[in-house]
Amino acid sequence: MAVEELSVVLPRVLIVSRRTVRKNKFVDFVGEYHLDLIVSYGAVPVIVPRVSGVHMLLDSFEPIHGVLLCEGEDIDPSLYNDELSNLSVEELEEIRRLHASDTAIDKEKDTIELRLAKLCLERNIPYLGICRGSQVLNVACGGTLIQDIGKEISKNLPENQRVVHMDYDNYDGHRHVIEVVEETPLHHWFKDSLEDEKMEISVNSYHHQGVKKLAQRFVPMAFAPDGLVEGFYDPDAYNPAEGKFIMGLQFHPERMRQEDSDEFDYPGCTFAYQEFVKAVVAYQKKLLSTTTIQKPLKLNQEMEKKRKIIVRSFSLARDLYEKGCTFQPSKTSDLDVGAEFLESNTALSFQQETRLMQMGATVRNASSYLQRLKMNEEKERLARKVMGKMSVEQLSDLKTFYNMMGQISSEVLERKLQDLMTLDEEF
């Protein structure tokens with residue numbers, strides 16, 4: 001397969017970079033483990049740089065077949081919490097000292113990622129959120145976050161129920177137990193690794209925030225012993241084979257690897273990425289199936305003759321409009337052909353009718369024209385009634401389809417007009 005064909009064949013997964021400072025300059029980066037897994041399962045990672053103004057340019061990254069959002073700074077509390085935090089000023093200062101690299105809020109990254117998350121929810125684009133990415137997804141759907149697990153959860157629990165969710169001294173090696181919820185995707189992925197029906201696995205994580213109120217559309221897939229939600233998904237938007245995948249994982253399956261090795265702790269660690277890319281591939285196929293343009297029909301001699309007559313009629317009408325009445329067609333019926341074609345194929349607006357009359361193409365049967373307009377109004381009323389009964393998912397798919405059709409129509413129309421101009425020059 002040619003290299004240029006890969007850009008069409010392989011699906012694209014958008015990943016927003018994280019910003020850091022190196023040698024007094026900002027540097028954007030994305031964790032390599034994420035990129036490796038996306039590539040290994042057959043998709044192309046497209047990095048969206050965390051640069052001011054990028055949130056206004058997201059259309060430039062189309063087509064979008066999937067979005068993976070991962071680690072980063074704390075989300076701005078004003079985006080999810082209207083009520084004041086119960087934390088004191090002293091406690092907030094202590095949190096900032098303990099988690100200095102995470103509490104430096106990045107509003108630009110927040111804006112970019114929330115827009116992408118909402119775009120995925122509107123279009124049913126596959127979405128996988130890891131760590132911060134899961135929090136972004138919950139906030140985008142109306143959920144809220146715990147601003148600090150240590151201050152809001154751990155201090156109120158007995159010692160044996162407290163969980164260390166972040167260990168700066170043992171970043172990748174740190175593990176804590178989670179309990180997997182039965183009959184969820186996470187259960188199916190790790191089923192062979194669950195021991196003695198305990199429904200427990202040990203996961204890697206580094207975060208000091210988490211889900212407080214889970215958005216209504218989501219179902220939990222796992223909990224930590226302190227009650228924190230460690231994974232959730234939308235059961236109505238989960239079917240990888242059909243291109244559906246909306247999920248958030250608070251822990252890091254991509255980093256659950258044995259020490260000094262790329263071997264994963266469990267076979268199920270990679271399944272989130274594998275199933276995500278499966279959904280991305282299926283979504284791309286579904287998208288392509290709705291935008292495929294059929295090859296134009298080859299006209300027979302009679303149809304080709306009619307086409308040329310119509311083109312000739314429009315050409316004469318245009319000349320009449322541009323040159324006035326000094327130009328006379330060879331036959332008075334020449335213009336009638338164009339008028340008949342327009343009358344039978346188009347519901348004309350008042351402005352269009354006026355313009356065609358100026359061009360010499362008379363629109364006849366005004367009563368038929370008015371009746372057609374009434375029929376269009378009735379069709380619009382029925383369409384509104386039908387769409388009022390449709391689900392958000394169905395309306396989103398419908399909107400996406402007609403946006404694509406509009407774009408395709410514009411492109412085809414422009415090409416046909418160019419062809420008409422070429423034929424006119426030949427006459």
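Predicted model: local features only at pLDDT ≥ 70, side-chain atom pairs only at ≥ 80, totals over all residues.
Let me begin with arginine 132, which is buried, with a relative accessible area of 2%, where buried means under 20% relative accessible area, exposed means over 50%, and partly exposed lies in between, using a 1.4 Å probe and protein chains only. Residues are numbered from 1 along each chain as its sequence is written, and side-chain values use heavy atoms, with hydrogens and water left out.

What does the side chain of arginine 132 meet in a salt bridge? The partner is the side chain of glutamate 113, at 2.8 Å from N to O, and by a salt bridge I mean a side-chain nitrogen of Lys or Arg within 4 Å of a carboxyl oxygen of Asp or Glu. This pair links distant parts of the chain, with arginine 132 in helix α6 (residues 132-140) and glutamate 113 in helix α5, 19 residues apart. Helices here are DSSP runs of H or I with at least four residues, and strands are runs of E with at least two, both numbered from the N terminus. Glutamate 113 is also buried, with a relative accessible area of 0%, and a network of salt bridges links Lys109, Asp110, Glu113 and Arg132.

Staying with helix α6, nine of its nine residues are buried, which makes the helix mostly covered; among them are Gly133, Gln135 and Val139. The helix is followed by glycine 142, whose phi is positive, near 100°.

Let me turn to the other salt bridges, of which the count for this model comes to eleven. One of them joins the side chains of arginine 50 and aspartate 106, at 2.8 Å from N to O. Arginine 50 lies in the loop between β4 (44-48) and β5 (66-69), and aspartate 106 in the loop between α4 (100-103) and α5 (107-123), so the pair ties together parts that are 56 residues apart in sequence. Both arginine 50 and aspartate 106 are buried.

Another salt bridge brings together the side chains of arginine 217 and aspartate 234, at 2.7 Å from N to O. Here too distant parts of the chain are linked, since arginine 217 sits in the loop between β10 (210-213) and β11 (219-223), and aspartate 234 in strand β12 (residues 229-239), 17 residues apart. Arginine 217 is partly exposed, with a relative accessible area of 33%, whereas aspartate 234 is buried, at 4%.

Next comes leucine 69, which lies in strand β5 and is buried, with a relative accessible area of 0%. Leucine 69 and leucine 116 are 47 residues apart in sequence and 9.2 Å apart in space, C-alpha to C-alpha.

Finally, the cysteines: how many disulfides are there? The count comes to zero, a disulfide being a pair of cysteine sulfur atoms within 2.5 Å. The sulfur of cysteine 131 is 9.0 Å from the closest cysteine sulfur, in cysteine 70, which is too far for a bond. Cysteine 131 is buried, with a relative accessible area of 6%, while cysteine 141 is partly exposed, at 24%.
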